[in-house]
Amino acid sequence: MAANVRPPDPGADGRGDLPPHIAAASLPRRASPASERTPVYAMVGNPNCGKTTLFNALTGLRQKVGNYPGVTVEKKIGEAYSQHGRPMKIIDLPGAYSLAARSPDEAVTRDVLLGRRADTPQPDRVICVLDATNLERSLYFVHQIFDLGRPVIVVLNMMDLAQRAGIEIDARELEARLGVPVIAGEAVHGRGVVELRLAMSRAELPLPRHRWDVPAPIAPAVAELQASLSEGDGRPPLVARAEALLLLTDFDTVRVAGSTPLSARTTGILDAWRQRWAGQGTDWSGTLIKSRYDSIHRLCHDVTRRTRTQGPSLSDRVDAILIHSVWGWLVFATIMALLFFSIFTLAEYPMNWIDSQVAALGDWVKSTMSAGDLRDLFTDGVIAGVGGIVVFLPQILILFFFVGLLESTGYMARAAFLMDRPMSRVGLHGKSFIPLLGSYACAIPGIMATRTIEDAKDRLVTILVAPLMSCSARLPVYLLMIATLLPGDALPAGTKAGIMLLMYFLGTAGAFGFAWLFKRTLLRSSPPLMILELPPYQPPRFKDILRHMVERAWLFLKNAGTIILAISIVLWFLTTYPKHPDPAASPDVQIAHSFAGQAGKVIEPLIKPLGFDWRIGIGLITSFAAREVFVSSMGVIFGVQAGDDNTAPIRDAMRAAVWPDGAPLFTPLVCLVLMVYYVFAMQCMSTIAIVKRETNSWRWPLFQIAYMTGTAWLVCFAAYQAGRALGF
Amino acid sequence: MNADMQQIAALAIVALAVLGLVFRRRLRGRRKSCADGCAACPTEKLRR
Amino acid sequence: MSSAPIPLSPLCQLPAGRTGRVTRLTGDEGFCQRIREMGFGEAALVTKISGSSTSLCLVNGMRIALNHGAAMSILVEHLPAAAR
């Protein structure tokens with residue numbers, strides 16, 4: 001694709017064509033070129049048009065990318081260097097269809113562009129990323145951006161896809177018509193990035209020249225509102241005009257005004273005009289949108305050419321199967337089954353290897369150090385705790401590989417499509433399933449992803465149930481319990497995968513059930529309307545997936561090396577001190593005498609009805625930090641208890657554990673009940689913190705802890721008592 | 001290393017671990033409220 | 001374009017594989033607004049790809065999924081099969 005960067009041309013800045021107020025307002029800025037202050041660029045465009053890919057290419061950052069709308073839900077700031085080595089600040093913004101924001105992620109974009117965020121400078125220049133396969137719709141948002149009166153650079157992204165679809169765009173003609181640099185390229189292949197950097201390096205950038213007359217019936221209202229907004233509400237002149245136009249685009253002023261309420265004068269003017277139009281039967285908002293689209297349509301007609309009409313594309317043919325009402329579900333189930341099966345089969349070899357290395361390390365410490373507390377701290381605290389959890393790294397990597405596949409191919413949006421029907425039964429729509437599916441990896445990005453949900457109550461319901469989806473931190477707990485439950489390798493991996501699938505199913509069913517309950521009681525609202533764009537399929541981008549896997553692996557190891565290490569050490573202390581007066585006391589007696597033992601005895605009555613003893617209780621408490629801490633806690637507790645000469649895997653020590661009366665502790669029933677407990681219980685401080693931030697109050701996270709952990713207790717109680725009654 | 005020395009060393013490490021847990025927030029630096037530096041997290045410090 | 005009488009129906013009732021022209025948007029105003037902003041407003045051509053409760057449509061070359069409530073609020077006139 002040809003680079004279409006125009007050489008700097010002092011005469012072609014387009015100022016002559018602009019309405020006088022825009023030209024005037026931009027004069028001071030242009031008189032002093034951005035030599036002192038770092039220029040701030042905003043990267044905007046429709047959802048899933050490749051903004052973050054371009055942002056990563058420019059800044060060298062590694063923000064998450066994926067092939068579904070709504071990957072970026074918060075602004076990201078990065079730095080790039082101009083051709084002359086000057087720093088430039090770039091703000092990557094969530095995708096939006098319009099400045100009249102309908103969801104919290106779009107509101108972020110609106111607020112940054114209108115200069116309302118105190119923590120973010122108002123962008124000096126705007127990079128508009130356009131999806132070349134969908135020029136008309138992309139240009140609608142650009143059209144609104146033009147109203148801001150900032151210099152704009154247009155990037156025509158996905159030119160290869162457009163060409164394949166039989167759309168030819170004359171970038172030069174588009175540039176001439178818009179009066180701003182237009183760069184054609186493909187961000188995924190790095191094409192156009194150099195040209196974009198060159199354009200960004202220009203000291204002077206022209207203002208958009210595209211002429212568009214506000215429809216006559218609305219023009220006087222725009223002028224009046226603009227005056228009121230700049231005088232009464234203190235908006236800068238250009239922002240005032242853009243905001244006036246937005247107020248006349250959307251019925252809901254809150255969507256435009258956001259958290260900065262309008263002055264009484266502006267509201268009065270707005271209401272007066274709306275009443276007048278209502279009396280005349282003028283569809284004011286439709287008129288404005290239509291007028292923009294008419295102007296865009298003429299433009300597109302002149303710059304695009306269809307080389308052939310579009311038949312069913314490859315994506316359509318794939319979709320015929322993947323969103324089929326029967327085949328689609330079959331494929332979905334197969335993907336899930338394959339995921340769990342590979343967690344058990346593929347992970348086994350690296351897991352055994354890590355296991356043997358951890359054991360060898362423990363043996364080495366034992367053989368080189370003389371007996372004493374420090375040695376015990378290392379073997380029973382550090383190695384048993386951290387080693388016990390690091391073993392599960394391969395499984396976590398496999399999970400993230402699968403999630404990455406789903407995210408980068410475009411399947412996420414299809415899963416949302418497929419799930420729309422079951423979701424509508426509980427009162428949500430398919431879009432809510434994207435955050436839920438993301439929560440299989442980790443509830444935190446899942447909860448962030450709810451920002452794409454328009455309705456505040458639906459969003460809250462989704463946030464409340466998202467942590468019920470089994471996240472990657474539960475994986476080690478499930479795996480440990482399944483290993484304890486089904487010893488040896490004699491049993492086929494299928495059985496183990498089946499139990500795991502059951503737990504994931506239980507969590508998902510719980511999420512649906514509670515969503516149904518909340519939508520009917522606490523957070524009643526009418527059934528939501530869903531509109532979701534399905535991106536074309538892409539071959540998976542293994543580089544991105546691998547990068548994401550490495551990031552998650554690093555995070556997992558970092559957690560193991562910091563928080564889990566510290567908790568393991570503290571737990572070792574609590575299980576070792578105070579020491580029993582008789583130094584020859586058996587490890588069982590010693591641990592019962594320790595702080596942890598005494599504390600455990602206090603809480604035991606609360607969990608005994610679930611079949612858990614105080615040692616499991618300690619694990620439940622420590623795993624409030626993060627669920628996987630349960631595994632390391634079991635490692636420490638049973639490591640301490642096993643005494644000196646044992647470096648066997650935790651599962652063997654656990655299998656040997658007994659109640660004081662000699663009955664085995666980890667019966668199959670208890671193992672299952674414990675897994676069920678982790679399915680439902682809210683055991684993650686990070687999630688609580690993120691829910692607090694996203695809902696802006698302590699009310700909902702506290703409610704979440706209460707309802708989830710309460711449910712966990714009740715379900716486990718019922719399951720354990722029923723199991724006992726049935727003779728298990 | 002005799003048993004007493006080992007005990008002192010072990011207790012010192014435990015004390016360090018406790019301090020680390022207590023001052024976790026501060027040690028982690030400016031990242032607030034989120035222990036999970038996932039890519040979707042806005043408070044995640046951007047690296048070059 | 002054929003001059004035969006054109007049946008008007010909500011989008012959810014447009015048979016798969018057929019094309020319609022959006023004539024009216026009903027229901028939630030904010031939603032209509034967004035539909036229009038996405039280029040799905042009056043006079044847009046919509047081809048239904050599939051869907052019973054959730055519809056998948058082709059509008060201006062983009063695939064858009066609509067749930068039943070959303071598809072119900074978009075009224076289309078059926079175009080003859082050849083009018084694509």
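Modeller: Happy to! A residue is in contact here when its heavy atoms come within 4.5 Å of the partner. Bear in mind that this is a predicted model. On that basis, chain A brings 38 residues to the contact and chain C brings 29 residues. Putting the two chains together buries about 2900 Å², with carbon and sulfur atoms giving 55% of that area. On the side of chain A, the residues that lose the most area to chain C are A:Arg102, A:Leu529 and A:Ile531, which together make up 23% of what that side buries.

Now for the polar side of the picture. Between chain A and chain C there are 14 residue pairs in polar contact, and the rule finds 2 salt bridges across the interface. In one of them A:Asp316 pairs with C:Arg63, and their closest N and O atoms lie 2.7 Å apart. As for where the touching residues of chain A sit, at least two come from each of α4 (135-146), α12 (284-303), α13 (314-322), α18 (411-425) and β9 (531-534). Sorted by class, that side of chain A has 15 nonpolar, 11 polar and 12 charged residues.

Strand β5 of chain C (residues 62-66) is joined to β9(A) by 4 bridges, and the two strands run antiparallel. Within this pairing, you can find A:Glu533 opposite C:Ile64 of β5(C).

Note on methods
Residues are numbered from 1 along each chain as its sequence is written. Chains are lettered from A and ligands numbered from 1 in the order in which they are written. This is a predicted model: local features need pLDDT of at least 70, side-chain atom pairs count only at pLDDT 80 or more; totals for chains, interfaces and linings use all residues. Side-chain values use heavy atoms; hydrogens and water are left out. Buried area is the accessible area (1.4 Å probe) that two parts lose on being put together, summed over both. A salt bridge is a side-chain nitrogen of Lys or Arg within 4 Å of a carboxyl oxygen of Asp or Glu. A polar contact is a pair of N or O atoms within 3.5 Å; within protein, one must be able to donate a hydrogen and the other to accept it, and residues adjacent in sequence count only if both atoms are side-chain atoms. Ala, Val, Leu, Ile, Met, Phe, Trp, Tyr, Cys and Pro count as nonpolar, Asp, Glu, Lys and Arg as charged, and the others, Gly among them, as polar. Two strands pair if DSSP finds at least two bridges between them.
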